[in-house]
Amino acid sequence: MQNAENFIRLDLYPLHEEKNPLRTQLLSNFKKQMQEEGVAVLPNFLSESGLKNLVQESEQLAGEAFHSTVKGNAYLEDVPSDLPTDHPMRLEDTTSLGVLAYDQIPQESGLRKVYQWKPFVDFVEESIVTGK
C-alpha cells in the first residue's frame with residue numbers, strides 16, 4: 001500500500017519537516033498567494049509517478065461522477081444591470097464538469113492519502129488560518 005509520501009515531491013515540498021527553512025519559505029509564499037489572489041499554486045507538487053497514478057485513479061472513477069454543464073460568468077453571479085457592456089463580468093462561457101463526492105473516493109486512493117496526510121493538512125491550515 002502506498003502512502004502520501006509516494007505521491008509528493010518532498011524534495012521541493014518538505015511539508016513534514018516543520019523546521020525546514022524551505023517549508024517556512026513555502027508557507028510564506030503560499031500565504032501571500034492566498035491573500036493576494038485567493039488561490040495558491042504548488043508547481044510540481046506531485047511526483048511524475050504520483051501524478052500518473054492519480055490521473056489513472058480519476059479516469060477509473062470518472063463514470064461515477066455527477067456531471068453538470070453551466071452557462072455563466074467567471075464569478076458565477078448575476079450581472080448587475082448598471083455595468084458597462086464591455087465589463088468582464090458580462091462575459092459568459094459554458095463550463096462542464098464532473099464531481100465526485102468525498103465518500104466516492106476509495107480509502108486506499110492516492111488522492112485520499114494526499115488529502116488526509118497530516119503534514120499537508122497542517123500546512124494548508126497554517127496558510128489560511130490567521131495567527132498560525
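Visitor: Hi! Where does Leu76 lie?
Guide: Leu76 sits in the loop between β1 (66-72) and β2 (93-99). Strands such as these are DSSP runs of E with at least two residues, helices are runs of H or I with at least four, and both are numbered from the N terminus. This is a predicted model, where local features need pLDDT of at least 70, side-chain atom pairs count only at pLDDT 80 or more, and totals for chains, interfaces and linings use all residues. Residues are numbered from 1 along each chain as its sequence is written, and side-chain values use heavy atoms, leaving out hydrogens and water.

Visitor: Is Leu76 buried or exposed?
Guide: Leu76 counts as exposed, at 70% relative accessibility. Exposed means over 50% relative accessible area, buried under 20%, and partly exposed in between, with a 1.4 Å probe and protein chains only.

Visitor: And what phi does Leu76 have?
Guide: A positive one of about 55 degrees, although Leu76 is not a glycine. Most residues other than glycine have a negative phi.

Visitor: Which loop holds Asn44?
Guide: Asn44 lies between α1 (21-37) and α2 (48-61). Asn44 is not a glycine either, yet has a positive phi of about 60 degrees. With a relative accessible area of 53%, Asn44 is exposed.

Visitor: New topic: which residues of α1 meet α4?
Guide: Among them are Leu26, Phe30 and Met34 in α1, while the α4 side includes Pro119, Phe123 and Ile128. Contact here means heavy atoms within 4.5 Å.

Visitor: How many nonpolar residues does that contact have?
Guide: The contact of α1 with α4 has 7 nonpolar residues (Ala, Val, Leu, Ile, Met, Phe, Trp, Tyr, Cys and Pro count as such).
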